[in-house]
Amino acid sequence: MTFDDIFKSSFLENVTSVSILDMVLALVLAFGLGLFIFFVYKKTYQGVMYSSSFGVTLIALTMITTLVILAVTSNVVLSLGMVGALSIVRFRTAIKDPMDLVFLFWAISIGIICGARLYVIGVIVCIFVTVLLFVLDKMPVAKVPKILVVNADGMDAEDKVLEVVARYAGYYKVKSRSLSAQQLDMVVELRVKEEKELVRGVSELEGIHAVSLLAHDG
């Protein structure tokens with residue numbers, strides 16, 4: 001078959017119609033799975049400042065991707081033009097947390113799957129990724145460490161503070177020590193479940209002026 005035969009067959013002009021029922025079903029499922037991704041993101045978020053707008057973006061991104069795939073699968077010429085148009089798009093918004101990038105690709109993937117009308121695969125993928133995220137979230141390695149800031153009288157208080165920290169924290173590491181005018185400022189990175197007991201135990205030590213336990217996004 002030559003190129004002339006290909007163009008004479010007018011395959012580039014063929015349009016595969018998408019029924020209204022298929023379109024509505026794909027969009028409804030995309031909305032439901034996008035909402036599911038939003039709740040998983042909200043439940044597993046470990047940063048300091050939670051952004052509700054990003055969660056809404058995940059739902060919208062899933063539905064928009066579904067619409068794009070439905071349009072692309074209906075016509076070959078439209079699909080080629082869509083690839084060319086989307087190739088010039090540049091996103092300038094910085095992704096601060098690598099996990100946000102995971103959820104963005106998850107939403108796009110579900111949109112593609114729903115647009116291709118592979119609904120069972122979409123549901124299975126959501127269940128698998130959710131189980132994987134929650135399992136990793138429960139692992140000690142995935143926990144974001146806390147920062148303990150202690151202001152005390154002199155270097156002698158360090159050993160007492162670390163004794164209390166070792167009692168409550170499964171992991172800890174001294175990040176910095178600063179001594180000025182016999183005042184010790186110590187920063188300890190740690191993973192702890194009993195946060196109130198730790199702060200109370202350190203604050204009750206002799207020579208401790210201030211204790212702060214801070215969360216950070218890594």
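**Figure 1. Overall fold of the predicted model.** The protein contains eight helices and four strands, where helices (H or I, at least four residues) and strands (E, at least two) are DSSP runs numbered from the N terminus. Along the sequence, these elements follow the pattern α-α-α-α-α-α-β-α-β-β-α-β. The model is predicted, so local features need pLDDT of at least 70 and side-chain atom pairs count only at pLDDT 80 or more, whereas totals for chains, interfaces and linings use all residues. Residues are numbered from 1 along each chain as its sequence is written, and side-chain values use heavy atoms, with hydrogens and water left out. Of the 218 residues in the protein, 29% are buried; buried means under 20% relative accessible area, exposed over 50%, and partly exposed in between (1.4 Å probe, protein chains only). Among contacts (heavy atoms within 4.5 Å) between residues at least 6 apart in sequence, 72% join residues at least 24 apart. The protein exposes about 14000 Å², of which carbon and sulfur atoms supply 66%; accessible areas come from the Shrake-Rupley method with a 1.4 Å probe, and for residues only the protein chains shown count as cover.

**Figure 2. The salt bridge between R117 and D22.** The structure holds three salt bridges, each defined as a side-chain nitrogen of Lys or Arg within 4 Å of a carboxyl oxygen of Asp or Glu. In one of them, R117 pairs with D22, and the closest N and O atoms are 3.7 Å apart. This pair links distant parts of the chain, 95 residues apart: R117 is in the loop between α5 and α6, and D22 is in helix α2 (residues 20-44). R117 has a relative accessible area of 30% and is therefore partly exposed; D22, at 26%, is also partly exposed. The phi angle of R117 is near 65°, a positive value in a residue other than glycine.

**Figure 3. K146 and E195 at strand β1 and helix α8.** The side chains of K146 and E195 form a salt bridge of 2.3 Å, N to O. Because K146 lies in strand β1 and E195 in helix α8, the pair ties together parts that are 49 residues apart in sequence. E195 is partly exposed, with a relative accessible area of 30%. Beyond its neighbours within four places in sequence, K146 is in contact with V188, E189, L190, E195, L213, L214 and A215.

**Figure 4. The buried face of helix α8.** In helix α8 (residues 195-203), L198, G201 and V202 are buried. Viewed down the axis of α8, its buried residues fall within an arc of 95°, so they line one face of the helix; the arc is that of the directions from the helix axis to the C-beta atoms. The cover over the buried residues of α8 includes β1, α7 (157-168), β3 (183-192) and β4 (208-215).

**Figure 5. The salt bridge between E158 and R177.** The side chains of E158 and R177 meet at 2.6 Å, N to O, in a salt bridge. The pair links distant parts of the chain, with E158 in helix α7 and R177 in strand β2 (residues 169-180), 19 residues apart. E158 counts as buried because its relative accessibility is 8%.

**Figure 6. A nonpolar surface patch including V123.** V123, I127, V131 and V135 make a nonpolar surface patch of about 330 Å². Patches are made of residues with over 30% relative accessible area and no salt bridge; like charges are joined within 9 Å, and nonpolar side chains (Val, Leu, Ile, Met, Phe, Trp, Tyr) within 5 Å. V123 lies in helix α6 (residues 119-138) and, at 34% relative accessibility, counts as partly exposed.
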